Amino acid sequence: MRLILLGPPGAGKGTQAAWIKAEYGIPQLSTGEMLREAVAKGTEVGQQAKAVMERGELVSDDIINRIVAERIGQPDAAKGFILDGYPRTVAQAEALDRMLAERGLKLDGVVEIAVDDAALIDRIGGRFSCAKCGTGYHDRFKPLREAGVCDVCGSTEFVRRKDDNRETVKIRLDAYNAQTVPLLPYYRARGLVRTVDGMAPIEKVEAAIRQALTTAARP
């Protein structure tokens, strides 16, 4: 199974990828992890990526594409893989097509986890957690029973991730909509896209993806 998971930050791709990975025995390949792995291994392209990042520059498509090509050629990806965060653009999608064709391979499907932007901003923008026990809360959907006190351990210290605020989430969504959403018509033209409702409860999203995967190879 060679699969792309598409969806904006906070759509739940990581949660869903976890069970797909376990069930199909295939690796989840995220751009960040592939970059870190290539740098850590000191491969030729990894060294190039490291030099670019140390200069504070963005890693080019050419380097990203070569890192992906290197990674999907590894033994654990022989049975397939889940791509998460790649491709981000149509140009990267075209590069992926070429690298798969060179190996006599093809994509089996593209699962889009669709979300409502405004609802997603609300969902992510209000998250925080207890600094002591890690219990997660939300300003609106899971507030503290007693203001300023953790329900579980009684701590009065809480933390918010830097990117869990409405402004940052909106910027990331805008980038996703501008750069990555154009992949949908690109893959729909080949009958590869299966769309599931990412705003549904987690178990319903999983059930919908299971159904999508049964038909992923039969557009």
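Residues are numbered from 1 along each chain as its sequence is written, and side-chain values use heavy atoms, with hydrogens and water left out. Because the model is predicted, local features need pLDDT of at least 70 and side-chain atom pairs count only at pLDDT 80 or more, while totals for chains, interfaces and linings use all residues.

**A pair of helices**

Two packed helices are described by the angle between their axes and the distance between the axes. Here helix α6 (residues 117–125) packs against helix α7 (residues 166–179) at an angle of about 140°, and their axes are 9 Å apart. Axes are lines fitted to C-alpha atoms, for helices over the stretch in contact, and angles run from 0 to 180 degrees between N-to-C directions; helices (H or I, at least four residues) and strands (E, at least two) are DSSP runs numbered from the N terminus. The two helices α6 and α7 are therefore oblique to each other, a word for angles left over when those under 35 degrees count as roughly parallel, over 145 as roughly antiparallel and 65 to 115 as roughly perpendicular. In the contact (heavy atoms within 4.5 Å), α6 takes part through D117, L120, I121, D122, I124 and G125, and α7 through R166, V169, K170, L173 and N177.

**Pockets and a cavity**

Rolling a probe the size of a water molecule over the atoms shows where empty space is left. On a 1 Å grid over the protein atoms alone, a cavity is a set of points where a 1.4 Å probe fits but cannot get out, whereas a pocket is an open set with protein on both sides within 12 Å along at least five of seven lines, and lining residues have an atom within 4 Å of a point. A volume is the space filled by probe spheres set on the points, which are joined across faces, edges and corners.

| Space | Volume |
|---|---|
| Largest pocket | about 1100 Å³ |
| Second largest pocket | about 280 Å³ |
| Largest cavity | about 40 Å³ |

The largest pocket is lined by 44 residues, of which P8, P9, G10, A11 and K13 are the closest to its centre. Among the elements that give two or more residues to this lining are α6 and α7.

In the second largest pocket, α2 supplies the largest share of the lining, 3 residues, and the lining residues include T31, L35, D61 and Q179.

The search of the whole structure finds 1 cavity of 30 Å³ or more. In the lining of the largest cavity, α2 gives the most, with 4 residues.
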